[in-house]
Amino acid sequence: MPAFPEVEKISYEGPESKNPLAYRWYDENELVEGVSMKEHLRFSVVYWHTFRGAGSDPFGPGTMLRPWEDGTDSVENAQRRARVAFEFMSKLGVPFYAFHDRDVAPEGASLAETNRNLDAVVKVLKEEQERTGIRLLWGTANMFSNPRFMHGAATSCNADAFAFAAAQVKKALEVTAELGGENYVFWGGREGYQNLYNTDMKRELDHLGRFLHLAVDYAKEIGFTGQFLIEPKPKEPTKHQYDSDAAACLNFLRAYDLLDDFKLNIETNHATLAGHTMMHELEYAGMQGALGSIDANTGDLLLGWDTDQFPTDIYLTTQCMLSLLKYGGVAPGGVNFDAKVRRESFEPIDLFHAHVGGMDAFARGLKTAAAIRADGELADFVANRYSSWNAAIGAEIESGAANFKSLEAYMLKKGEISPNASGRQEMLEHLINRFV
Ligand code: XUL
Ligand code: CO
């Protein structure tokens with residue numbers, strides 16, 4: 001029996017449609033800059049929020065109505081849930097999904113039993129992938145929920161926690177490879193600290209570097225060729241997460257000689273928790289050739305934590321797509337909705353409303369960004385703003401021909417700098433509104 005009998009496959013009906021369960025902008029076959037929307041956006045559904053999120057908060061238990069759940073943590077329930085997940089994703093029309101090992105299958109009494117549970121559910125995931133054509137964007141290991149990881153996993157003070165985490169990532173890499181996963185993500189979990197009085201930061205970071213090298217080595221050994229990604233986040237659950245933002249991650253990867261093997265998975269709500277915009281993080285990663293994938297969501301301006309809401313702000317999605325188009329697209333990454341419905345949106349149908357809204361917002365952002373690029377006025381303004389670097393003294397500095405002595409001689413002769421021009425921020429903000 002279908003879990004969502006009232007929902008047909010969501011289809012594109014165009015901007016005039018008033019049907020909330022239709023796409024008004026996302027037409028997967030429409031070409032934008034010569035590439036289909038499906039290929040540009042590579043939408044992905046997350047297993048953890050969408051199929052495991054119960055809607056609990058610190059003030060009360062879960063609220064979600066999920067008729068397909070039998071209330072047990074059994075393998076049978078997990079297998080049935082997997083089939084429901086694929087019914088949902090096919091009706092939505094997304095090409096990808098992502099999971100943590102512990103989202104899809106229950107932990108057993110021992111590591112061996114846990115691995116067997118995972119295998120039993122992976123078998124169903126594989127069948128469903130083959131049946132529907134939906135692919136795995138990325139796999140990852142949950143190394144933060146179980147109390148054994150209270151001090152972290154790779155950065156734990158307890159060497160056994162490192163060993164357990166290694167065993168867990170070994171298995172997660174094997175199943176990600178088995179399912180043809182296109183990426184593998186490391187989000188820091190509890191890799192960070194609450195207090196420096198009890199923390200040997202240098203030793204913890206050395207261990208994290210070692211851990212990631214072991215993962216790269218094992219991927220090579222088993223022939224897993226997916227892209228490794230690190231997902232920056234500045235805080236929560238720890239006060240300070242080591243992978244705090246794109247710049248900190250890239251510095252860490254460079255320091256531990258991992259830059260060739262990793263890119264970044266940039267998440268909106270993590271960027272804003274770090275005091276940056278999403279576009280800042282995308283630009284920082286992109287300019288260094290490290291833009292791997294995005295976790296699409298949004299925070300709430302008035303709340304200071306990771307609320308993981310679905311993105312519906314067209315300015316936000318336009319900015320995301322401007323950066324993604326600029327750096328040549330997101331593949332083999334994707335636009336992965338690491339977002340959850342609100343506790344009050346407890347009916348199964350709300351999962352559709354949330355994803356349809358998020359996908360349409362990104363499709364519209366893509367079209368808006370492409371229109372801004374086709375018009376060219378914004379890019380021309382930026383190119384012109386830096387034109388003093390194209391010739392004469394600017395070109396000498398950029399090429400390395402100038403030094404402090406030659407620059408002093410230049411300025412002594414010239415006396416004062418050429419007049420500055422306006423940055424025209426307000427004009428450009430108004431220009432963007434022509435396209436939104
Ligand atoms: C946590 C978060 C994770 C990662 C995967 O804030 O974003 O769900 O995306 O571990
Ligand atoms: Co995320």
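This is a predicted model: local features need pLDDT of at least 70, side-chain atom pairs count only at pLDDT 80 or more; totals for chains, interfaces and linings use all residues.

Modeller: Let's begin at P237, which sits in the loop between β8 (227-231) and β9 (240-241). As for labels, residues are numbered from 1 along each chain as its sequence is written, and chains are lettered from A and ligands numbered from 1 in the order in which they are written.

What kind of peptide bond joins E236 and P237? The bond is cis, with omega at about 10°. E236 belongs to the loop between β8 and β9 too, and its phi is near 80°, a positive value in a residue other than glycine. E236 has a relative accessible area of 30%, so it is partly exposed. On this scale buried means under 20% relative accessible area, exposed means over 50%, and partly exposed is in between, using a 1.4 Å probe and protein chains only.

P332 is in the loop between α11 (314-326) and β12 (335-337). For a positive phi, look at R424, which has about 55° although it is not a glycine. R424 is placed in the loop between α15 (404-414) and α16 (425-433), and because its relative accessibility is 43%, it counts as partly exposed.

Now for the strands. Strand β4 (residues 96-100) is mostly covered, five of its five residues being buried. In a regular strand, side chains alternate between the two faces of the sheet. In β4, F96, A98 and H100 point one way and Y97 and F99 the other way, and all are buried. To one partner, β3 (residues 43-46), β4 is joined by three bridges in a parallel run; strands pair if DSSP finds at least two bridges between them. Here V46 has A98 as its bridge partner. Five bridges join β4 to β5, also parallel, with Y97 opposite L136. Strand β5 (residues 135-140) in turn runs parallel to β6, with two bridges joining them, and W138 stands opposite N183. Strand β6 (residues 183-187) is mostly covered, as four of its five residues are buried.

A172 lies in α6 (residues 159-178) and counts as buried because its relative accessibility is 2%. Leaving out residues up to four places away in sequence, A172 touches T140, A141 and Y184, where contact means heavy atoms within 4.5 Å. A172 and L118 are 54 residues apart in sequence, yet 9.2 Å apart from C-alpha to C-alpha. M278 lies in α10 (residues 278-287), and its 3% relative accessibility is why it counts as buried. M278 and Q319 are 41 residues apart along the chain, with 8.1 Å between their C-alpha atoms.

Finally, step back to the whole protein. The secondary structure comes to 16 helices and twelve strands, and 50% of the 436 residues count as buried. For 436 residues a compact globule would have a radius of gyration near 22 Å, and the 24 Å of this protein agrees with that; the radius is taken over C-alpha atoms and the globule rule is 2.2 Å times the number of residues to the power 0.38. The C-alpha trace spans about 80 × 60 × 45 Å along its principal axes. Among contacts between residues at least 6 apart in sequence, 76% join residues at least 24 apart.

Methods:
Side-chain values use heavy atoms; hydrogens and water are left out.
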